[in-house]
Amino acid sequence: MNVDFKTAVKMFFANYSNFKGRSTRAEYWWVALFLMIVSFVISFVCSILGFGETGTQVVSGLWSLAVLVPNLALTWRRLHDVDKAGGWIFICLIPVIGIIWLIVLLATPSKPDNRFGLNPYGDEQAA
């Protein structure tokens, strides 16, 4: 099941607190792009409206809090897709190498059916 940008964002908000199951690589990276775009737009709009640095930080902080749980859930499910327990998310707490290792895990192709569920790509080859 390949997902496009719009579908990935809809799934992101529909499964905002779902830590079970699997999420495809495409779903994860489309949402990462969406979150980055929204962050840039928030910064741009706040600067145009003259919020100043503090106001921009407050608005950005509120957005970050609003998407914290859905982002954790999506990352958790993405780790399930590569047959890792969701707790592997904490590897990013190791300075430098931890975040690199997490990015490698998130970029790894989907595994076949595993203990976390069926392959989200179905009979297609995992992309």
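Q: Which way does α4 pass α5, in a left-handed or a right-handed crossing?
A: α4 passes α5 in a left-handed crossing. Left-handed means the near helix is turned anticlockwise from the far one by less than a right angle. This is a predicted model: local features need pLDDT of at least 70, side-chain atom pairs count only at pLDDT 80 or more, and totals for chains, interfaces and linings use all residues. Residues are numbered from 1 along each chain as its sequence is written, and side-chain values use heavy atoms, with hydrogens and water left out.

Q: Why is α4 called roughly perpendicular to α5?
A: The axes of α4 and α5 (residues 97-107) come within 8 Å and cross at roughly 65°. That makes α4 roughly perpendicular to α5, a term for angles of 65 to 115 degrees.

Q: What in α4 meets α5?
A: T75, R78 and L79 in α4 meet L102, L105, L106 and A107 in α5, with contact meaning heavy atoms within 4.5 Å. These residues divide into five nonpolar, one polar and one charged.

Q: What makes α1 roughly perpendicular to α2?
A: The axes of α1 (residues 5-14) and α2 (residues 25-48) cross at roughly 85°. That makes α1 roughly perpendicular to α2.

Q: Which residues in α1 meet α2?
A: F5, A8, V9, M11, F12 and F13 do, against E27, W30, V31, L33, F34 and L35 in α2. By class, this contact has 11 nonpolar, no polar and one charged.

Note on methods
Axes are lines fitted to C-alpha atoms, for helices over the stretch in contact, and angles run from 0 to 180 degrees between N-to-C directions. Helices (H or I, at least four residues) and strands (E, at least two) are DSSP runs, numbered from the N terminus. Angles under 35 degrees count as roughly parallel, over 145 as roughly antiparallel, 65 to 115 as roughly perpendicular and the rest as oblique. Ala, Val, Leu, Ile, Met, Phe, Trp, Tyr, Cys and Pro count as nonpolar, Asp, Glu, Lys and Arg as charged, and the others, Gly among them, as polar.
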